[in-house]
Amino acid sequence: MPFMFNYYENPPTAGLPLQWRDWLPVKSSLADKVSARFNLPPLQLTCSGTAALVIALTTLVQQQPERKTVIVPAYTCPLVALAIHHCGLQIQLCDLKPNSIDLETAHLTNLLNEKVLAVIPTHLGGRVSDVASVKKLAQFQQIAVIEDAAQALGAEVGQYCDVVLFSLAAGKGLTMYEGGLVTAPETQLRRSLQKTANKLLPHRFKWEFLRTLQLFGYTALYHPAGLHFVYGRGRRKALRQQQWIAAVGDDFDFDIPMHRVGHIRQHVATNAFQRLPAFLQTLHLQAQQRIQQLQKISAIQVIVDQYGQGVWPFLMVLVPTNQQRDAILKELWTSPLGVTRLFIHTLAQYDYLKPIVPKESTPNAEDFAARMLTITNSPWLTDAQFEQICAVIQRVVCGC
């Protein structure tokens, strides 16, 4: 299927484009604005969502030093595993419910014990996970619940947790290229998180200078023409070489940068935040329309919200078989249409994570990883382009 685009690329996720006027100084606080707009407790700004998780785990283990295990979804971002390892804690995988991002209740129940420090349910792709059920199980054994809302800033989250964190990385809606936010509903724990952040996030000019340059590049190049050069070419090269992990950017380093965010990047994100609510509403309306189109294709499943309103950086689609998913990607992954995979494997299937992740069978999570693809929800993906995507999925899945 030929795709005739010259210097045009849709991003894999719908990030908020920056404007040059966002670089102007501003007096208001980003964390305060986000807290007020999304009805969250006072937020602590960090240099990344991963750093936010390190701060959360470090704080919790100081309160319960005898607990060393952290339960995570078997299918989630590898950075979650790296953050747990960074804190000197052990990773315990929990399977998912079939065709779902929610933790499998029976499996989770069997894993909970006095050695568990925290459970981390994940709002994957902006979809709201069933945190209330996790909290109900965990609270009887004084196990903390950390909501991983890295991909869900602006969603209805943070209601049932002990800690909630967000990412401000490139493509995650609001961005400062790399950044994060963390908070806790309970005042004393929130103060402890702030103290931990002050200790773990020193001023590091080299890192902040690099991130500022990267944010400048994002401002200049985050549009379809620029993405062709800084994202599309590299992805297609990795796909030609069958380097799937590199193609989606799952090849993370064990070294986690920990540093304080400078004022310049905070100004940029604070100014851009004024446009975020309207942007999220645009994405919501577009997602609802396109989900209806996808649901006309028999046998596929679009992951939608059941436990609150989420945000829509991309659509997650489950097709009947791994072979059909791969056949769809064979046609669309190298195209500029924004069709890709989220995480290539479950955590236990990454070779570079084998030293820190236990080898366990999690059949539902493995099935989810094998049959799921993502479609960008960027406003730059036109209706005609989306119809091209639907046509390929229909032809492969239905044989017509």
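Select Asn39 to begin: this residue is exposed, with a relative accessible area of 73%. What you have open is a predicted model.

Asn39 sits in the loop between α1 (30-37) and β1 (44-46). Look at the backbone there: phi of Asn39 is near 55 degrees, which is a positive value in a residue other than glycine.

Next, select Gln242. Where is it? Gln242 lies in the loop between α8 (224-240) and α9 (244-248). Is Gln242 buried or exposed? Gln242 counts as exposed because its relative accessibility is 57%, and the cut-off for exposed is over 50%. The phi of Gln242 is positive too, about 55 degrees, although Gln242 is not a glycine.

Now select the whole chain and switch to a cartoon view. The chain has 14 helices and 11 strands. Its C-alpha atoms fill a box of roughly 60 × 50 × 35 Å along the principal axes. How does the radius of gyration fit a compact globule? For 400 residues such a globule would have a value near 21 Å, and the chain has 20 Å, so the two agree.

Show the surface next. The accessible surface of the chain is about 16,900 Å², with 53% of that belonging to carbon and sulfur atoms. Of the 400 residues, 57% count as buried.

Last, colour the charged side chains. There are 36 positive and 29 negative ones, and the centres of the two sets lie 6 Å apart.

Conventions
Residues are numbered from 1 along each chain as its sequence is written. This is a predicted model: local features need pLDDT of at least 70, side-chain atom pairs count only at pLDDT 80 or more; totals for chains, interfaces and linings use all residues. Side-chain values use heavy atoms; hydrogens and water are left out. Helices (H or I, at least four residues) and strands (E, at least two) are DSSP runs, numbered from the N terminus. The radius of gyration is taken over C-alpha atoms; the globule rule is 2.2 Å times the number of residues to the power 0.38. Buried means under 20% relative accessible area, exposed over 50%, partly exposed in between (1.4 Å probe, protein chains only). Accessible areas come from the Shrake-Rupley method with a 1.4 Å probe; for residues, only the protein chains shown count as cover. Lys and Arg count as positive and Asp and Glu as negative; His and the chain ends are not counted. The place of a charge is taken as NZ of Lys, CZ of Arg, CG of Asp or CD of Glu.
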